[in-house]
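Open your viewer and get ready to select residues by number. This tour goes stop by stop, with something to look at each time.

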Amino acid sequence: MKQSGMAMVEALVAAGLLALGLLGASRLTLRALDAAQQTRHHEQAQALAREALDCAVTQASPCPAAASISWQGVTYAVQLQQRPIAPFLTEIAVQVEWRTSTGTQSLNWQTRRSDLPGWLGVSSP
C-alpha cells in the first residue's frame, strides 16, 4: 500500500514537470511567431520606404509610393517630404507608420539629391 501511494506521488510530480516544460515550449513558440510577424511588417515598411525614396530621387511624377497601403491586414501610411537645404541640394525624407497589436511603429529614412545638371560633369553626392 505504501509503495503504490509513492508511485502516485511520483507520477503527479512527473506530470507537473512535463506540464511546465510544455508551457515553456509553447510560450517560446508564441514569442518566435510574434518576432517573425514583426520582422515581416518591418520588411514591408522598408520596401515601401525604398520605393518612395527611389521615386523621389528619380523625380517621377506623380509618385505612387506616397500613399496608404494595406498588406496582410496592416495599413501602412507612407509620407514623403522634400525640402531644399542648399542651392541644387534637396533633402528627401520618408516616414512609414503602421499599427500592430503592440502599438504604432514607424520607420524613418532620409537621403539627399543633387539637382545639379548632369552636363556639369560633377558627380552626385
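**Stop 1: a salt bridge**

Select Asp-115: with a relative accessible area of 28%, Asp-115 is partly exposed. Buried means under 20% relative accessible area, exposed over 50%, and partly exposed in between (1.4 Å probe, protein chains only). Before you go on, note that this is a predicted model: local features need pLDDT of at least 70, side-chain atom pairs count only at pLDDT 80 or more, and totals for chains, interfaces and linings use all residues. Residues are numbered from 1 along each chain as its sequence is written, and side-chain values use heavy atoms, with hydrogens and water left out.

Asp-115 and Arg-113 form a salt bridge, with the closest N and O atoms 2.9 Å apart. A salt bridge here is a side-chain nitrogen of Lys or Arg within 4 Å of a carboxyl oxygen of Asp or Glu. Arg-113 is buried, at 9% relative accessibility.

**Stop 2: another salt bridge**

How many salt bridges does the structure hold? There are 2. For the other pair, select Glu-91 and Arg-83. Their closest N and O atoms are 2.9 Å apart. Glu-91 is buried at 12% relative accessible area, while Arg-83 is partly exposed at 47%.

**Stop 3: an aromatic pair**

Next, look for rings. The count is 1 aromatic pair. Select Tyr-76 and Trp-98: their ring centres are 5.8 Å apart and their planes meet at 40°, so this pair is tilted. The rule takes rings of Phe, Tyr and Trp (its six-membered ring) with centres within 6.5 Å; planes under 30 degrees apart are stacked, over 60 edge-to-face, and the rest tilted.

The pair links distant parts of the chain. Tyr-76 sits in strand E2 (residues 74–86) and Trp-98 in strand E3 (residues 89–100), 22 residues apart. Helices (H or I, at least four residues) and strands (E, at least two) are DSSP runs, numbered from the N terminus. Buried or exposed? Tyr-76 is buried, at 0%. Trp-98 is buried too, at 2%.

**Stop 4: the nonpolar core**

The largest nonpolar core has 14 residues; those with the most contacts inside it include Tyr-76, Trp-98 and Leu-107. Such a core is a set of buried Ala, Val, Leu, Ile, Met, Phe, Trp, Tyr and Cys residues joined through side-chain atoms within 4.5 Å. Helix H1 (2–57), E2 and E3 each give two or more residues. H1 gives the most, with 6.

Finish on Leu-107. Leaving aside neighbours within four places in sequence, its contacts (heavy atoms within 4.5 Å) include His-42, Ala-45, Val-94 and Trp-98.
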